[in-house]
Amino acid sequence: MGSGAYWPQRVQGRALAYLSSEICIWPAVLVPYLDVSSYGARRHRRVNAVSRLLAIAAAMLFHHAALASCPAGQAAVLPLTLWHGKLLVPVGINGAPQMIALDTGAGISTISTAVANSIDLPHDFDRAVELGGVGGRNSILNIGQVATLELDKVRLTHLAMPIADMEMKTQSGAPVAGLLGADVLHGFDVEIDVPAGRLVLWSASECPAPPPSWASDDPIPFELDEGNHILVDLRVEGARLTGVLDTGAPGLAVTEGAAFRTGLTEDALDGDIPIHGIGVNNRAWKGHLHRFSSIKFGGLTFRDTPSEIIPSNMAARNDALIGADALIGMELLQHTRLWICYRTKMLYLQSGPRSNAD
């Protein structure tokens, strides 16, 4: 969720229910029989041992049958376009083709005012929501009644989506329809392949979740806050920070307080390039552009990376930054393939050259 436009975060609204379970098979340990004087006792022990082995074999057969019968399936495969720091995907909203921004930093999906008006989207005037982002909060957002949201073969119905002013445009100059947020995404395993220009939503199954075969680094564990923001460890100049994986943010944005923990001084910050933007409620905000010499995220290392330093009073109004220090945006993710498994809270990455088989 970026800092230069409207970036909705946390509201009470419709979410996708999701249940999952995992099968665990403990390894069997065979121990020698104890010699006892009674034949009946020896026979009883042997019968029990055989029963245990049969139970283990049955469990293993069930486990393998489960893996074979419920592999992860592609629920949706969509083209993905990186445009001016945003990931755009085609969707259908009430039957009308639109382009929407994929935003893992948005707690709830939203629809833009321009598109809502163009398709005569019905409003729910009895309810309003408060959405927070860099620059302030907007508590006067109406709810749009979306009858259908189509993502390839996935068809979601009867969605309540806040309507917000957004200035994002597609390559053709048409308005971006809104934000596709975590309330929809967390019901799937999400594969975001930026270099290949592809978004895959994998069906969430009850099967164990092995890592994707292409993953080149160790999995990155993450936490989810109540808005389903993905919180990961981030190292900036060696200092440990908490970052939000945010495909809606153009680059790395670090709160002023966290930047000072990396060793940045106020004098050095004053000497950095001043920047400004428009946030929620059309409120202007000002910050600085600073270059950190070392940023580490998972197995990736970035050098001399420009980063927005967000004033603390502005960052406090962004729901994604409650309990976090930074937004990890597309400047760091644009050459990366990601697999987000919300149910196991694991993130897998692939960066750099890949084989044709991948």
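**Strand pairing and burial in a predicted model**

User: How do you know which residues of strand β16 are buried or exposed?

Analyst: Buried means under 20% relative accessible area, exposed over 50%, and partly exposed in between (1.4 Å probe, protein chains only). In β16 (residues 252-255), L252 and V254 point one way and A253 and T255 the other way, and all are buried, so each has under 20% relative accessible area. Across the 358 residues of the protein chain, buried residues make up 49%.

User: Why is β16 called a strand, and how many strands are there?

Analyst: Strands (E, at least two residues) and helices (H or I, at least four) are DSSP runs, numbered from the N terminus. The run of β16 is residues 252-255, which therefore meets the strand rule. The protein chain has seven helices and 22 strands.

User: What makes β16 a partner of β19 and of β20?

Analyst: Two strands pair if DSSP finds at least two bridges between them. Four bridges join β16 to β19 (residues 300-310), and these strands run parallel; A253 stands opposite E308. With β20 (residues 326-328) there are two bridges, in the antiparallel sense, and V254 stands opposite A326. Both counts reach the cut-off, so β16 pairs with β19 and with β20.

User: Why is β14 called mostly covered, and which strands does it join?

Analyst: Five of the seven residues in β14 (residues 230-236) are buried. Two bridges join it to β13 (residues 223-224) and six to β15 (residues 239-245); β14 runs antiparallel to β13 and to β15. L224 has I230 as its bridge partner, and V236 stands opposite A239.

User: What lies between the strands in the two hairpins?

Analyst: Between β13 and β14 there are five residues, and N228 in the turn has a positive phi of about 60 degrees. Between β14 and β15 there are two residues, and E237 takes a positive phi near 55 degrees.

Terms used:
Residues numbered from 1 in each chain as written. Predicted model: local features only at pLDDT ≥ 70, side-chain atom pairs only at ≥ 80, totals over all residues. Heavy atoms only, no water.
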